[in-house]
Amino acid sequence: MATIAPPQPAATAFPKADAIRALVDELLQVARAEAQVRGIALPPENPKIIQAPVPLDSLSVVDTLCAVEQVLDIELRDSIVRTGGYNSIEKAIDDLLPKIERVWVKKKGSKP
């Protein structure tokens with residue numbers, strides 16, 4: 001008699017919009033704090049703040065991963081954050097998002 005394997009759970013697509021939203025929300029707070037400490041004037045609108053040249057140190061960015069972990073229900077290693085940090089929120093997202101997606105695909109699902 002042949003054995004029938006149980007069906008594999010359906011792979012879910014990477015929730016890119018949720019990951020971006022979580023990263024942006026947290027990184028905006030980091031950027032505002034850094035700008036205040038360093039005396040950097042930020043633009044009033046969030047889209048311009050995302051592009052503004054504000055240094056984000058790697059330890060602060062590592063802290064933001066907690067929010068992403070909660071949203072995506074995965075654990076992220078601190079090592080995905082570039083040593084030395086980033087020069088803007090946009091650069092941080094450009095670097096982190098593909099790494100977060102690779103972790104997601106490995107642990108939970110598939111690419112869109």
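Residues are numbered from 1 along each chain as its sequence is written, and side-chain values use heavy atoms, with hydrogens and water left out. In this predicted model, local features need pLDDT of at least 70 and side-chain atom pairs count only at pLDDT 80 or more, while totals for chains, interfaces and linings use all residues.

User: Is E34 buried or exposed?

Analyst: E34 is found in helix 1; helices are DSSP runs of H or I with at least four residues, numbered from the N terminus. Residues up to four places away in sequence aside, E34 touches V54, P55, D57 and S60, where contact means heavy atoms within 4.5 Å. Buried means under 20% relative accessible area, exposed over 50% and partly exposed in between, with a 1.4 Å probe and protein chains only. E34 has 14% relative accessibility, so E34 counts as buried.

User: Which residues of helix 3 are buried?

Analyst: Helix 3 has 15 residues and reaches 21 Å from its first C-alpha to its last. That is close to the 21 Å expected at 1.5 Å a residue, the expected span being 1.5 Å times one less than the number of residues. The cover over its buried residues includes helix 1 and helix 4. The buried residues are S60, V61, V62, T64, L65, A67, V68 and L72.

User: Which members of the largest nonpolar core touch the most other members?

Analyst: A nonpolar core is a set of buried Ala, Val, Leu, Ile, Met, Phe, Trp, Tyr and Cys residues joined through side-chain atoms within 4.5 Å. The largest one has 32 residues, and those that touch the most other members are L56, I89, L96 and I100.

User: Which residues does I100 contact, leaving aside its neighbours within four places in sequence?

Analyst: I100 belongs to the largest nonpolar core. With those neighbours left aside, its contacts are F14, L23, V68, L72, I74, L76 and I80.

User: What is the phi of D73?

Analyst: D73 lies in the loop between helix 3 and helix 4. D73 is exposed, with a relative accessible area of 57%. Most residues other than glycine have a negative phi. D73 is not a glycine, yet its phi is positive, at about 55°.

User: How far apart are the C-alpha atoms of E90 and V24?

Analyst: E90 lies in helix 4 and is partly exposed, with a relative accessible area of 34%. Not counting residues up to four places away in sequence, E90 touches I50 and Q51. E90 and V24 are 66 residues apart along the chain, and their C-alpha atoms are separated by 8.8 Å.

Definitions and conventions: Helix = DSSP H or I, 4+ residues; strand = E, 2+ residues; numbered from the N terminus.
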